[in-house]
Amino acid sequence: MDENNSDEESDNTATMSTISHHNFINNSETICISIVENMREDYGLYVWPCAVILGEYVWQQKDRFSGANVVELGAGTCLPGLVAAKVGANVTLTDDSSRLEVLDNMRRVCDLNKLEGNVVGLTWGVWDSSIFDLRPTIILGADVLYDSNAFDDLFATVTFLLRNSPGSTFITSYHNRSGHHLIEFLMRKWGLKCVMLLDGFSILPASKASQLSGNVQLAEIALISKDNA
């Protein structure tokens, strides 16, 4: 009886899995990224609007990302990181070390898209060997600013990575749920500054913007230099 129930649960989980396809287009080139999503799992296995917007930004800035060392934090389905890998970046995809199903899915989508991506368990605010070897020139984070209880751990991790790789930047897309004020406070607390802030929908092609909703901001964050401190 237990075995039958287990088989039924496995079948239901498989039924809820789907592969979504995300196209990125300019006048002379098109790429497609395929993502395995699972509606039975938590938010880490679903492509949210912030990921689409950040992926589009990476695509539009592909010359900047080509050859860059990119780390995506809280990658989940890792759409922005996969776009970066597609345009020639050296990409490390990370998510919470305890979320094994998410890490496994990240490896699966790398294989699905025939892309090389280093998948690493990295828990914000935890200082283990996985973080000390990372020296990104660009850090990505799509919708990582959703739980205010985790903001300090996130900013501590971002600040460490920025200091570990001088000249690097953190590019994040997030829903402006409660204003930018808390994020501004945390940037000051951790010695960071915002060097770019955009309405996320302003960079989307009309065909994509019409399929999404929300108030999404896209920000680029860097360390405050000692000269400006």
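I started with helix α7 (residues 151-164) and helix α8 (residues 181-189), whose axes come within 10 Å and cross at roughly 45°. That angle makes α7 oblique to α8. I also checked the handedness: α7 passes α8 in a right-handed crossing. A reminder to myself: this is a predicted model.

Next I looked up who touches whom. On the α7 side I found F151, D152 and F155, and they meet L182, I183, L186, M187 and K189 in α8. Sorted by class, this contact of α7 with α8 has six nonpolar residues, two charged ones and no polar ones.

**A serine in a loop**

Then I moved on to S168, which sits in the loop between α7 and β7 (169-175). Is S168 buried or exposed? Its relative accessible area is 5%, and the cut-off for buried is under 20%, so I wrote it down as buried.

What does S168 touch? Leaving out residues up to four places away in sequence, I listed P136, T137, L161, L162 and A222. I also noted a polar atom of the S168 side chain 2.7 Å from the backbone oxygen of S165.

**A covered helix**

Last stop was helix α4 (residues 79-86), which is mostly covered, with seven of its eight residues buried. The buried ones I noted are L79, P80, G81, L82, V83, A84 and A85. Just after α4 I came across G88, which takes a positive phi of about 105°.

Note on methods:
Residues are numbered from 1 along each chain as its sequence is written. This is a predicted model: local features need pLDDT of at least 70, side-chain atom pairs count only at pLDDT 80 or more; totals for chains, interfaces and linings use all residues. Side-chain values use heavy atoms; hydrogens and water are left out. Axes are lines fitted to C-alpha atoms, for helices over the stretch in contact, and angles run from 0 to 180 degrees between N-to-C directions. Helices (H or I, at least four residues) and strands (E, at least two) are DSSP runs, numbered from the N terminus. Angles under 35 degrees count as roughly parallel, over 145 as roughly antiparallel, 65 to 115 as roughly perpendicular and the rest as oblique. A crossing is left-handed if the near helix is turned anticlockwise from the far one by less than a right angle, and right-handed if clockwise. Contact means heavy atoms within 4.5 Å. Ala, Val, Leu, Ile, Met, Phe, Trp, Tyr, Cys and Pro count as nonpolar, Asp, Glu, Lys and Arg as charged, and the others, Gly among them, as polar. Buried means under 20% relative accessible area, exposed over 50%, partly exposed in between (1.4 Å probe, protein chains only). A polar contact is a pair of N or O atoms within 3.5 Å; within protein, one must be able to donate a hydrogen and the other to accept it, and residues adjacent in sequence count only if both atoms are side-chain atoms.
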